[in-house]
Amino acid sequence: MTIYDISEKAGVSIATVSRVLNGSSNVSEKTKKKVLDVIDRYRYAPNAFARGLGLNTMKTIGIMCADSSDLYLAKAIYHIEQKLHKSGYDSILCCTGYELEAKITSMNLLITKKVDGLILVGSNFIYETEKENKYIADAAAQAPVMLLNADLDAPNVYSVVSDDFTSMYEATLRMIGTGIQDIIYFYNSDSYSGKRKLAGYRAAMEEKKLLTGHSLQFYRGSHEDIPAMTAHLKALHAEGLPFHGVIAADDTLALAAVKYARAMNYRIPEDFSVLGYNNSMLAECCEPELTSIDNKLETLCQHLIATLLGVLGGSEMPKKAIFSGEIVKRRTTR
């Protein structure tokens, strides 16, 4: 039994059946009873695709993220799904990994599912060239695409971003202002957001003429391997690189810096300062508690969903929204 069979047996259109299934008030009681009688007689259980046929909506949003084990991405997915469900939408999640081909495959899969919109969580979906970003532009020709903390100028693509450049620039100047000058930047991503953070740090260090050839330290290992991150910093110390401040691209890297400082018997923050990014649960789990930049993730997700719902409802919505981060001072900085 399908929605087509229900339509035929009740003597009404597919659209009418769909309206009944979705609880629309735009159906007479007499017609509604005819449809429900057929559904009851044949014990019909509608699926999502059938519900969407008559109203041209699946009430389903496709979500893509590179790695749901990442604390930032996992929290973003939670906020997004909660807000979608409250608005009557289901979601389909694809964890794509970091390779472009896998992202294209997941995007095509979601398009075939007839989703109403697409949300790309995180900045790893944006590339340097138009050719590499074509898969997003192509998808946007079929459904609105929302980018969380990434930016792409293309029709039917909407961006909600945190001002990572300014947040990192101001945080770096603040640490310099406490008297620490030998500050390294510890990072592990060259994504859109990662590049904006790096640019903010560089701008502040160059402004104060403190940037050196050893200031930028890229970590290439697993984002979950904190002991390996700590070992990376210990290796720098063993090579004779002096540093008494670490500004990290995320809280995991910052936690490794705290562990390094403790291993070196540095007093925090008197001898050694650490600043993280994302203001995740790790910030309050380590000892001492971590100063971190709150990039207003929940606010970003709230605005993203509001924009998506506005677009789906036919409203004119801003193509790009930028939100400022905030330094949450705890006990790892002076």
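In this predicted model, Ile63 stands opposite Leu93 in strand β2. The two residues belong to a pairing between strand β1, which spans residues 60-65, and strand β2, which spans residues 90-95. These strands run in the parallel sense, and 6 bridges link them. In a regular strand the side chains alternate between the two faces of the sheet.

The path from β1 to β2 includes helix α5, and β1, α5 and β2 together form a β-α-β unit of right-handed sense.

Helix α5, residues 71-86, also packs against helix α12, residues 297-312. Their axes come within 9 Å and cross at roughly 40°. The crossing of α5 over α12 is right-handed. On the α5 side the contact is made by Tyr72, Lys75, Ala76, His79, Ile80, Lys83 and Leu84, and on the α12 side by Leu297, Glu298, Cys301, Gln302, Ile305 and Leu308. Sorted by class, this contact comprises 8 nonpolar, 2 polar and 3 charged residues.

Thr16, Val17, Val20 and Leu21 of α2 meet Thr31, Lys32, Val35, Leu36 and Ile39 of α3. The residues in this contact divide into 6 nonpolar, 2 polar and 1 charged.

Note on methods. Residues numbered from 1 in each chain as written. Predicted model: local features only at pLDDT ≥ 70, side-chain atom pairs only at ≥ 80, totals over all residues. Heavy atoms only, no water. Axes fitted to C-alpha atoms, helices over the stretch in contact; angles between N-to-C directions. Helix = DSSP H or I, 4+ residues; strand = E, 2+ residues; numbered from the N terminus. Left-handed = near helix turned anticlockwise from the far one by under 90°. Contact = heavy atoms within 4.5 Å. Nonpolar A, V, L, I, M, F, W, Y, C, P; charged D, E, K, R; others polar. Pairing = 2+ DSSP bridges. Right-handed = clockwise from strand over helix to strand, strands pointing away.
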